[in-house]
Amino acid sequence: MTASAPPPGAPQPCDLLVRARAALVLDAQGTVLSDVAVAVVGDRIAHIGPAAEMAALYVPARTLGSAHHLLMPGLVNSHNHTPIMVVRGMVEDVGFAPAYTPGVPQGDMLSEEEAYLLARLGAYEMLRFGSTTVVDFYRHPQALARAAREIGLRSFIGGRIMDADTAALARREWRADPAQGERTLREAMDFVAAWSGRTDMVTPVLGPHAPDTCSPALLRQVAELAEAGQLILHTHLHQSPMEVEIVTARDGRRPVELMDEVGLLGPRLVAGHCIHMTEADIALFGARGAAVAHVPVGNAAHGSVAPIRALEQAGARITLATDTKSGDMIEAMRMALAATRIHGAGFTVSSHDVLRWATHGGAAALGLAGEIGILAPGAKADLVLLDTNAPNLAPLIDGPGLVVHSAQGGNVDAVVVDGAVLLEDGRPTRFDGTEVIAAAQAVSRRLWERAGHTPRVRA
Ligand SMILES: [Zn+2]
């Protein structure tokens, strides 16, 4: 049972009482509760019980939700680069490597302020569509942290570490750029030092960009630093055939084998994509208990399907991410389910599985199992309410299948992170969403013009 024993005696004060028509608890049994309320004290869930009983037990400082809301734990969005928002809608149809295409704004062109303004848009979008915990890594990690703090997300943030000469990489040749390696590693470690232990809302991680953009020596150095600091590691792995080709030619081994040899492949690693893998690659990745940040929408847009069911069966933990496409994790869940079926898993994967990946999977990979991704007394109060007064959310009979197969991020009506109501009636409570969008629009337009592109839509 998820409901804890009612406190004895007179009605108790609580900070927030959240009412819902139904709640997806997302425990191992797949419990769905009806006509329910959740009492929040501080940053945690204090008690879950029948709405009428809870109304008699608690005197809340404020209330949220209603008899037409569906409650679920906040979603964990495990792989993003929010400043890349600048190229959204512009590069998806040009192929794999827009980063090398003339006329496209490049990451290195972004100032810290520009990265911050774009990161705010990415963070706002994720919050708006029900993500409460996110992983974000790119240049200017301090700008990403500032944006995540302002928007209110629980975040895991790292600086992008790499030492490849990217111009050579574009010609499918490996050449090291040691100065870049030193600079990006220093920036990443400065960020770790600045944010370690400061707040549990921002956790610094180490983000070596990918096996084909980092030398083995740099990867080894990152592995040692992560071990010493007990830091979570984030990277891209087996994302493209080109990555596999470059690493195999350079090191005589496959990317996943390289990651193992340098000491990065283990339970602390969350690896984005994991698409182009052989059975042996999958077995090795799974045996080390690493986590996949599965990006089903992005993969599909590139014509790829990652072998997620096989990875899970091999021992890998599965997490879901939107990777700065649309920030809609419900769309990602639906596409993840479709992807497993396209890849041959048939109906062995269910809505319950993808809900688990979008919550527990991410929580476990980030060291927060039991803390987030579940509705339970003692867990963090990271909550999402969908408005079921929407034609795509009827009929509501059981719950999980309706959310995965029919809901949209736009159905998210309210979001609570760490006990704080950050979205209500679809609107942010702590910042001006219109200003966030306008600022990102202005900076993006300027960056595209600076790159030599004439926008077709007038300012
Ligand atoms: Zn990525």
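Arginine 356 counts as partly exposed, at 28% relative accessibility (buried means under 20% relative accessible area, exposed over 50%, and partly exposed in between, with a 1.4 Å probe and protein chains only). Its salt-bridge partner is aspartate 353, with 2.8 Å from N to O (a salt bridge is a side-chain nitrogen of Lys or Arg within 4 Å of a carboxyl oxygen of Asp or Glu). Elsewhere, salt bridges that share partners link Asp43, Arg154, Asp200, Lys380, Asp382 and Asp418 into one network.

This is a predicted model, so local features need pLDDT of at least 70 and side-chain atom pairs count only at pLDDT 80 or more, while totals for chains, interfaces and linings use all residues. Residues are numbered from 1 along each chain as its sequence is written, and side-chain values use heavy atoms, with hydrogens and water left out.

In total, the structure holds 29 salt bridges. Another one joins arginine 183 to glutamate 187, at 3.7 Å from N to O. These two are 4 residues apart in helix α5 (residues 178-195), so about one helical turn separates them. Arginine 183 is partly exposed at 29%, and glutamate 187 is partly exposed at 29% too.

The bridge between arginine 268 and glutamate 227 spans 2.9 Å, N to O. Arginine 268 lies in the loop between α8 (255-261) and β12 (269-273), and glutamate 227 in helix α6 (residues 216-229), so this pair ties together parts 41 residues apart in sequence. Arginine 268 is partly exposed at 23%, and glutamate 227 is partly exposed at 48%.

Now for the nonpolar side of things. The largest nonpolar core has 79 residues, and Leu206, Phe285, Leu311, Met333 and Leu386 have the most contacts inside it (such a core is a set of buried Ala, Val, Leu, Ile, Met, Phe, Trp, Tyr and Cys residues joined through side-chain atoms within 4.5 Å). Helix α12 (residues 329-342) gives the most to this core, with 6 residues. At least three residues come from each of domain 1 (12-73 + 374-427) and domain 2 (75-365), with bounds from an automatic or database domain assignment. A second, separate core has 27 residues, including Ala147, Ala148, Ile157 and Val443.
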